[in-house]
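Subject: Structure handover

Hello,

Please find the structure below.

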Amino acid sequence: MKELNYALYQKVYLIRRAEQAIREHYASDAMKTPMHMSSGEEAICAGVCHALRPADEIVGTYRSHGIYLAKTGETDRFFAEMYGRETGMAKGKAGSMHLTAHEEGLICTSAIVGTTIPVAVGAAFANRELKRDRVVAVFFGDGAIDEGVFWESLNSACVMKIPLLFVCEDNGFAVHVPKPLRHGYRSITELVSKFDCDVYASESTDPEVIYQLASKAIQAMREMRRPAFLHLKYYRYLEHVGVNEDFAQGYRDRQEFERWRANDPVELQRKKLVRLASEAEVKKLEDTIERQVTESVKRAEKAPFPKPGELYQDVLA
Amino acid sequence: MTRTITYRDALNEATAEEMRSDPSVFVYGIDVGDHKRIFNSTKGLVEEFGPTRCFSTPLSEDAMTGFGLGAAINGMRPIHVHMRVDFLLLGMNQLVNMIATHCYGSGGTMKVPLVIRAIIGRGWGQSYQHSKSLHSWFAHVPGLKVVMPATPRDAKGMLKAAIRDDNPVVFIEHRWLYDAVGEVPDDTSAIGLEGARVLREGRDITVVATSWMNVEAVKAAQILEKRGVSIEVVDARAIAPFDAATIVRSVRKTRRCIVADNDWLHCGFSAEVAATVYAECLKELAAPIDRIGYEATPCPCTRPLENEFYPNAVDIIRAVERQLGLSQTDLSGEDFYSYENKFKGPF
């Protein structure tokens, strides 16, 4: 119990702290890449990724700082990529929207909504055919549900009985357009439940609740040999793209943010861990993460930019 | 040793042989496993390899293209088949935004050994959504290899090479070539994905052709040979990466060049070939390069307009005559290709 909550706090705090570092340094203009921040969705990233084993794989969206950090736990390649340096995971050629971590199982993330969903279907298919005991989880927003490729992928995974964890991170907006303007139906889960897959839903910001739900879904997926669909709500704290708040823009209400903020996943998880461990133990963990992030930022700032010829590398294998 | 087989059998053999030697190879797409088996190019594969390695999919080209990417990243060698190039357009987002960039975007840590076979339709009323080539589109995008074999030899050798390649390869086949017969070596391992190939040697003029236009170019060469005109036919074959060395070598020899492309002229591959030849050997050219291809109209359904739309051996002959200052050859006794001999539709 303590171990689980410790691990979950480690993940949510790392995400929050790393993104704080981005916010602190972004104004210096050294990180020239469009940031889609994970603030608010930490419980989902940590909960689902912790339910996965190290060999399991994930696929994400342009808002994938959270799952990257939760799955890999590393910040050196992460910050180097944000700074466009040679030591980034793609040598600075990909940036914030295209994170990968081949060794740790992050297959791809994409700047085009919905595009990574079928990639996850194929990846999970390959694991099945090659008899690898690996689960794939694909993260996408509620905006991706508007894309045809989501339904094509869901249908294909269901008809081909491919175990794949669909994780819908529902923040209610596709960029800035709210659901009532986009959805000609009442409920996503109701629609998806008509398919041959298992559907789970939660509005919790508690990483442990998400972890338990994801674990249950993965267990069922392994037994039933078919996809599972997690519908998880959260509130995006910051603007769609960028590191600032955007409540002054008038498309959403600060009061709603305050309601979600009252159950902030990081604070909530901290309180739980303090009860199970001690304030000193929690502080020690935070200090360790603080040092990790600070040092990674420093290393990234000092790292060289890729050499000019690097432009031409890796176009083809 | 060589054997004489059809283009369709060459494709079929290449696929079956690679599936036998590598269990990670599988073939899929709309109608891949049905009774027609992609004009028999996938015949026998379900029976030999089972429904998990040769299967039909939902009509979801977009998702199934991304599916191939995911499977390729995770260790498989998928072959995705489209009965028409036009259908592949539904997967363009995956092809251009995802597949072409994945190796680059992963810092070279992940590879995409994926083959996308797409068939160009023509004739018997295929009209404007069953007849596109679009190799220039695909070749425009860095990160994709694009080939269009014109002979059974290359169909087999290049498909095997494409399956073994660690990059995404768009493999474009012309429907009319399926019945083409030619010699195929027992060992095709020397046939790669790169470079053009001289199909017929000549002295007086070089015709660089793509896909079906090679058949028209060879026909033109056979007719003009009777007048003592010697045409060198160079099959461009590899659209991307484009290695112009063979083409340039040929033009340096003949000092004249016609590009006969199986596609629209405007912003097309024929312009790329012409620009490259001009840059490499402008001063050696005896005349400006002619480009033969489709005019800027959609492909019509009705036969008379369809005939007008597609350039053929006659257009190549007339261009050769103009460049060489020859009078027009009397073609009244010549027997040109008529698709009704082999292809009566519907697809």
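A residue is called buried if 20 or more other C-beta atoms lie within 10 Å of its own, exposed if 12 or fewer do, and partly exposed in between, with C-beta atoms placed from the backbone. Helices (H or I, at least four residues) and strands (E, at least two) are DSSP runs, numbered from the N terminus.

This is a predicted model, in which local features need pLDDT of at least 70 and side-chain atom pairs count only at pLDDT 80 or more, while totals for chains, interfaces and linings use all residues. Residues are numbered from 1 along each chain as its sequence is written, and chains are lettered from A and ligands numbered from 1 in the order in which they are written.

In α12(B), the buried residues are B:Phe269, B:Ser270, B:Glu272, B:Val273, B:Ala274 and B:Val277. Their cover includes α8, β10, β12 (238-240), α11 (245-254), β13 and β14 of chain B. The expected span of a helix is 1.5 Å times one less than its number of residues. For the 13 residues of α12(B) that gives 18 Å, and the end C-alpha atoms are 18 Å apart, which agrees.

Helix α10 of chain B runs over residues 213-225. Its 13 residues reach 18 Å from first C-alpha to last, close to the 18 Å expected. Of these 13 residues, 11 are buried, so α10(B) is largely enclosed by the rest of the structure. Among the buried ones are B:Met213, B:Glu216, B:Lys219 and B:Leu224. The buried residues of α10(B) pack against the strands β9 (197-200), β10 (205-209), β11 (231-235) and β13 (257-264) and the helix α14 (313-324) of chain B.

Domains of chain B

The domain assignment, which is automatic or from a database, gives chain B a domain 1 (2-185) and a domain 2 (197-327). Their C-alpha centres lie 26 Å apart. Two residues are in contact if their C-beta atoms, placed from the backbone, lie within 7 Å. By that rule, 24 residues of domain 1 of chain B are in contact with 20 residues of domain 2 of chain B. On the domain 1 side, α8 (135-140), β6 (145-147) and β7 (169-174) of chain B each supply at least two residues. That side divides into 13 nonpolar, nine polar and two charged residues. Here Ala, Val, Leu, Ile, Met, Phe, Trp, Tyr, Cys and Pro count as nonpolar, Asp, Glu, Lys and Arg as charged, and the others, Gly among them, as polar.

Where the chains touch

Between the chains, 34 residues of chain B are in contact with 36 residues of chain A. On the chain B side, α4 (61-73), α6 (92-99) and α7 (102-105) each supply at least two residues. The largest share, nine residues, comes from α4(B). By class, this side of chain B has 12 nonpolar, 19 polar and three charged residues.

Chain A

How do the axes of α1 (residues 2-26) and α8 (residues 207-224) of chain A cross, and at what angle? They come within 10 Å and cross at roughly 110 degrees. Axes are lines fitted to C-alpha atoms, for helices over the stretch in contact, and angles run from 0 to 180 degrees between N-to-C directions. The two helices are therefore roughly perpendicular to each other (angles under 35 degrees count as roughly parallel, over 145 as roughly antiparallel, 65 to 115 as roughly perpendicular and the rest as oblique). A:Leu4, A:Asn5, A:Leu8 and A:Val12 of α1(A) make the contact with A:Pro207, A:Glu208 and A:Tyr211 of α8(A).

A:Leu106 is in strand β2 (residues 106-108) of chain A. With 23 other C-beta atoms within 10 Å, A:Leu106 is buried. A:Thr72 is 34 residues from A:Leu106 in sequence, yet their C-alpha atoms are 8.2 Å apart.

Backbone points in chain B

Most residues other than glycine have a negative phi, and most peptide bonds are trans. B:Arg237, in the loop between β11 and β12 of chain B, has a positive phi of about 55 degrees. B:Arg237 is buried, with 26 other C-beta atoms within 10 Å. B:Phe39, in helix α2 (residues 37-40) of chain B, has a phi near 55 degrees. With 19 C-beta neighbours inside 10 Å, B:Phe39 counts as partly exposed. The peptide bond from B:Ala240 to B:Pro241 is cis, with omega near -10 degrees.

Regards
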